[in-house]
Amino acid sequence: LALALSATGCVSSFSANLDRLDALTSEDLPRDVLEAVDPVTDEAVARALREPLTAEMASRIAIANHRGLRATLRELGIERGLALQAGLPPNPRFEFDVRQSADATQPLQLDLYAEYDLTHALLTPMRAAAAGHDLEAARQRAAGQVLETAYGARVAFHEARAAEAQLALAQRALEALAASRDAAQALYDAGNLPELDLATQIAAYEEARAVTATFE
């Protein structure tokens, strides 16, 4: 029974932490963090990778596969456990002592000792409040790491999309300059174009090709 209650409390602790981080970050945090620290590519991520990627899915994949972040989320369970423990009153301590009197006619003597830490009990609310602040601070730090990871993934996604668009424009410009170069070469071969104009067209094409190569 104790083990079952402990396991249930652990899961509810993680769930409470993840729910709080969901509220702080508005991000879709991986629920499988309850099972392992190592990244686990779930079916949703696998399906998403077979389709055109979006910024939101890139963010989710980055969060799900960030080992340091997953470890941080797991450590929140420790902080919550410490907070719960800090709010518990001290356990009383009992001792029993059985003594046999030297006089055989006397019965066994039983002594009972009870001890309770009143100072610990009186300071429990203060300790619980301090531990609660520590837990919230840990959640805020974890939320910051979640937001940093998600932001970095979205920035990388948009930078990649922008680079793809720039590459497409550069390739179209290169194709146009290639056609212009070929036309200039034909005109030059026919004697209808000065050599300088041909060299200018070739130079423009080579420059565009060098620019295109920077995006590939």
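Contact here means heavy atoms within 4.5 Å. By that test, leucine 24 is in contact with Glu136, Arg139, Gln140 and Ala143, leaving aside its neighbours within four places in sequence. The model is a predicted one. Its protein chain has six helices and two strands. Helix α5, residues 118-189, comes up throughout this briefing.

**Overall layout**

- From the N terminus, the elements run α-α-α-α-β-β-α-α.
- The protein chain has 216 residues, and 24% of them are buried.
- Take the contacts in the chain with a separation of 6 or more: 69% of them join residues 24 or more positions apart.

**The end of helix α1**

- Leucine 24 sits in helix α1, and so does threonine 25; this helix covers residues 2-25.
- Leucine 24 has a relative accessibility of 28%. Buried would require under 20% and exposed over 50%, so a value in between is called partly exposed. Leucine 24 therefore counts as partly exposed.
- Threonine 25 has a relative accessible area of 7%. The cut-off for buried is under 20%, so threonine 25 is buried.
- Leucine 24 and leucine 147 are 123 residues apart in sequence. Their C-alpha atoms are 9.4 Å apart in space.
- Threonine 25 touches Ala143, Val146 and Leu147, not counting residues up to four places away in sequence.
- Ala143 is also among the contacts of leucine 24.

**Helix α3 against α5**

- Two packed helices are described by the angle between their axes and the distance between the axes.
- Helix α3 spans residues 55-64. Its axis and that of α5 come within 8 Å and cross at roughly 135 degrees.
- Angles over 145 degrees count as roughly antiparallel, and 65 to 115 as roughly perpendicular.
- The crossing of α3 and α5 is right-handed.
- On the α3 side, the contact uses Ala55, Glu56, Ala58, Ser59, Ala62 and Ile63.
- On the α5 side, Val146, Thr149, Ala150, Ala153, Arg154, Phe157 and His158 take part.
- By class, the residues of this α3 and α5 contact are eight nonpolar, three polar and two charged.
- Val146 of α5 meets α3, and Val146 is also touched by threonine 25.
- Seven of the ten residues of α3 are buried, so this helix is largely enclosed by the rest of the structure.
- The buried residues of α3 are Ala55, Met57, Ala58, Ser59, Ile61, Ile63 and Ala64.
- Ala55, Ala58, Ser59 and Ile63 are among the buried residues, and they are also among those that meet α5.

**Helix α4 against α5**

- The axes of α4 and α5 come within 8 Å and cross at roughly 170 degrees.
- An angle over 145 degrees counts as roughly antiparallel. That is why α4 and α5 are described as roughly antiparallel to each other.
- The residues of this contact divide into twelve nonpolar, six polar and five charged.
- Threonine 72 lies in α4, which covers residues 67-86.
- Which side chain makes a polar contact with the side chain of threonine 72? The partner is glutamine 145, at 3.0 Å.
- Threonine 72 is in contact with Ala142 and Gln145, leaving aside neighbours within four places in sequence.

**Helix α5 against α6**

- Helix α6 covers residues 195-215. The axes of α5 and α6 come within 8 Å and cross at roughly 160 degrees.
- With that angle, α5 is roughly antiparallel to α6.
- The crossing of α5 and α6 is left-handed.
- By class, the contact of α5 with α6 has 14 nonpolar, six polar and three charged residues.
- Alanine 179 is found in α5. Its relative accessible area is 47%, so alanine 179 is partly exposed.
- Alanine 179 and glutamine 201 are 22 residues apart along the chain. Their C-alpha atoms are separated by 9.9 Å.

Technical notes
Residues are numbered from 1 along each chain as its sequence is written. This is a predicted model: local features need pLDDT of at least 70, side-chain atom pairs count only at pLDDT 80 or more; totals for chains, interfaces and linings use all residues. Side-chain values use heavy atoms; hydrogens and water are left out. Axes are lines fitted to C-alpha atoms, for helices over the stretch in contact, and angles run from 0 to 180 degrees between N-to-C directions. Helices (H or I, at least four residues) and strands (E, at least two) are DSSP runs, numbered from the N terminus. A crossing is left-handed if the near helix is turned anticlockwise from the far one by less than a right angle, and right-handed if clockwise. Ala, Val, Leu, Ile, Met, Phe, Trp, Tyr, Cys and Pro count as nonpolar, Asp, Glu, Lys and Arg as charged, and the others, Gly among them, as polar. Buried means under 20% relative accessible area, exposed over 50%, partly exposed in between (1.4 Å probe, protein chains only). A polar contact is a pair of N or O atoms within 3.5 Å; within protein, one must be able to donate a hydrogen and the other to accept it, and residues adjacent in sequence count only if both atoms are side-chain atoms. Angles under 35 degrees count as roughly parallel, over 145 as roughly antiparallel, 65 to 115 as roughly perpendicular and the rest as oblique.
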